[in-house]
Amino acid sequence: MDGELSSSWDSDDDDYEKFILKMNPPRVVVDNDSCINATVVRVDSANKYGILLEVVQVLTDLNLNIKKAYISSDGGWFMDVFNVTNGDGEKIKDESTLDEIIDFIRKSLGADTSFIPSRRRSVGVEAASEYTSIELTGTDRPGLLSEVSAVLTDLKCNVVRAEVWAHNTRAAAVMHVTDLETGSAINDPLRLSSIKKLLSNVLKGRTMISSVGSTHRERRLHQMMLADRDYERSGDIMGDVNQRPKVSVVNWGDKDYSVVTIRSRDRPKLLFDTICTLTDMQYVVFHGNVDAETSEAYQEYYIRHVDGSPVNSEAERERVILCLEAAIERRVSEGIKLELCTRDKVGLLSEITRIFRENGLSVTRAEVSTHGENAVNTFYVRDAAGSPVDPRTLDVIRNELGQSVLQVKVPNEMTKTPRQEFLSPTRFLFGGLFKSKSLYNFRLTSF
C-alpha cells in the first residue's frame, strides 16, 4: 500500500512539474550588446533538479566557452546569466549558432527533457539499432587501448565512436561499435556475452554492454570514474600539489549553505565538469558566481544536498574536495596531442594504437569519431615511463604511418610569442584533407 501511495505521489509530482513548465515556458534571451567581449545568454525557467547542468551541457556541446556565470535558483524559479565566447574567444555573431543556443536550451528544459542536440558530441540520440554501447572501467596501464581495440577488431566489431579517459591509475571508456558485416548494432546475446568476457579479461575491471546509451557521453565518463573512486590518491601518484585545483568547502551556518570555492587554470568545459560532478554527488547549486576571463578561473557555489542539508561532516567535506579536484583533473592531459584525420577503414583504431604501443607511447585520453567515410581521432600521448615524448619517436611514427602533415605548437606559458614549426610544406586543412597523397594527416600540439 505504501508503495502504491509513493508511486501515486511521484506521478502527481511529475504532472505538477509539467503543468508548471507549460504555464511558465523557459525564456532564453541572447544579447550581443550589453557586454563588450562576450555574448550574454539569459535563462529564466521554473526550477527543477539538474536544470543548471542541462543548460551548461547545451552550451558546452555547442563548443562555447563560458567566461562568466551568475547562478540563482533559490526557490521555485531558475535565473541564470552566462557570458560565452566561441573557440577563438570572440562573441558569437553567426545567426545560426545564436538560434541554436535559444532553440536547444528551450527544448532541453521543455517537456522533452531528454533532448540533446543530435549533431553534437553526445550519447543517447541515435536509435538503438545503430550501434552497441560498451562501457569499460579498470586499472590503466601502457598499451591498454591498443589491447582493447585489437580484441574488438578480432571480434569483427567496428568502433564508430569512442572516448577514453585515464586519471590516477584508473581508466574509463565509452565506445560505440557496430557489426563489421551489417554496420548495425550487435544484438546476438551469445556474441555480446563473448565480447564482454574477452574485454573483461583484458581490462580486469567492469564491462557493461547495452543497445544504446541514454546519458551524455562525457557525463557518463565522469559517473564511471567517480564510481571507480579515481579521486582517491595513493602515495606514488600524489603529483605536484601546486598544480592541483584549489578547492575549499565551508559552511555558512546562518543560511544552511555550504560554500564551495574553486581556483584552477581555465580551460574549455571546466564549468561542465564541475557542475556535472556536484549534480552526480546529489548536491544542488542555489547560487553561484563564475569568473574565467583570465587564465585562472574562479568558481563559487552555495550548495545543499538534495535532502536540504549542507555538508555535515569532515569526511563529507574532504570527499567533496577530492571529487571536485578529480573532476577538473580528468580532462587535463599531459604530453602531446595528436589529431588524426584519414579515410576510415576496418581496424584503424587498433592499427594506430598498436603503433603507439610499439613505440613506447601511452594514451592518456582519446576521442574517436567517424564522419561518413572519414575518421577524425584525437589522442593525448606521453612516454610510457612518464617522460616527455622524444621527437625521434614521433619521426618513427610518422615514417611508419606514411608521409603526414605535422604541426607543432609551443605552449603559451613557455613563450610570450607562440611560434609554430611546420614539418611539411602542406598546410593542415580539413576541407582539403584528401588532396594530399598521404594516407594519414597528423597535427601535433604540445602542452
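This is a predicted model: local features need pLDDT of at least 70, side-chain atom pairs count only at pLDDT 80 or more; totals for chains, interfaces and linings use all residues.

Visitor: How many helices and strands does the chain have?

Guide: The chain has 10 helices and 18 strands. Helices (H or I, at least four residues) and strands (E, at least two) are DSSP runs, numbered from the N terminus.

Visitor: What share of the residues counts as buried?

Guide: Of the 447 residues, 49% count as buried. Buried means under 20% relative accessible area, exposed over 50%, and partly exposed in between, with a 1.4 Å probe and protein chains only.

Visitor: And what share of the contacts is between residues 24 or more positions apart?

Guide: Such pairs account for 71% of the contacts in the chain with a separation of 6 or more. Contact means heavy atoms within 4.5 Å.

Visitor: On to helices. At what angle do α4 and α9 cross?

Guide: The axes of α4 (residues 144-154) and α9 (residues 348-358) cross at roughly 150 degrees and come within 8 Å. That makes α4 roughly antiparallel to α9. Angles under 35 degrees count as roughly parallel, over 145 as roughly antiparallel, 65 to 115 as roughly perpendicular and the rest as oblique. Axes are lines fitted to C-alpha atoms, for helices over the stretch in contact, and angles run from 0 to 180 degrees between N-to-C directions.

Visitor: Which residues make that contact?

Guide: From α4 they are Leu145, Ser146, Ser149, Ala150 and Thr153, and from α9 Leu349, Ser350, Thr353, Arg354 and Arg357. By class, the contact of α4 with α9 has 3 nonpolar, 5 polar and 2 charged residues. Ala, Val, Leu, Ile, Met, Phe, Trp, Tyr, Cys and Pro count as nonpolar, Asp, Glu, Lys and Arg as charged, and the others, Gly among them, as polar.

Visitor: Which residues of α4 are buried?

Guide: Leu144, Leu145, Ser146, Val148, Ser149, Val151 and Leu152. Just after α4, Lys156 takes a positive phi of about 60 degrees.

Visitor: Where else is phi positive in a residue other than glycine?

Guide: Thr169 is one case, with phi near 70 degrees. Thr169 is in the loop between β6 (157-167) and β7 (170-179), and counts as partly exposed at 40% relative accessibility. Asp256 also has a positive phi, near 60 degrees. Its place is the loop between β9 (246-252) and β10.

Visitor: Is Asp256 buried or partly exposed?

Guide: Asp256 is partly exposed, at 43% relative accessibility.

Visitor: What about Thr261, buried or exposed?

Guide: Thr261 is buried, with a relative accessible area of 18%. It is found in strand β10 (residues 257-265). Its side chain is joined to that of Ser248 by a polar contact of 2.4 Å.

Visitor: What does Thr261 touch?

Guide: Not counting residues up to four places away in sequence, Thr261 touches Lys246, Val247, Ser248, Tyr298, Gln299 and Glu300. As for the polar contact, the term covers a pair of N or O atoms within 3.5 Å; within protein, one must be able to donate a hydrogen and the other to accept it, and residues adjacent in sequence count only if both atoms are side-chain atoms.

Visitor: Last one: how do α6 and α7 cross?

Guide: The axes of α6 (residues 217-227) and α7 (residues 270-280) come within 10 Å and cross at roughly 55 degrees. That makes α6 oblique to α7.

Definitions and conventions
Residues are numbered from 1 along each chain as its sequence is written. Side-chain values use heavy atoms; hydrogens and water are left out.
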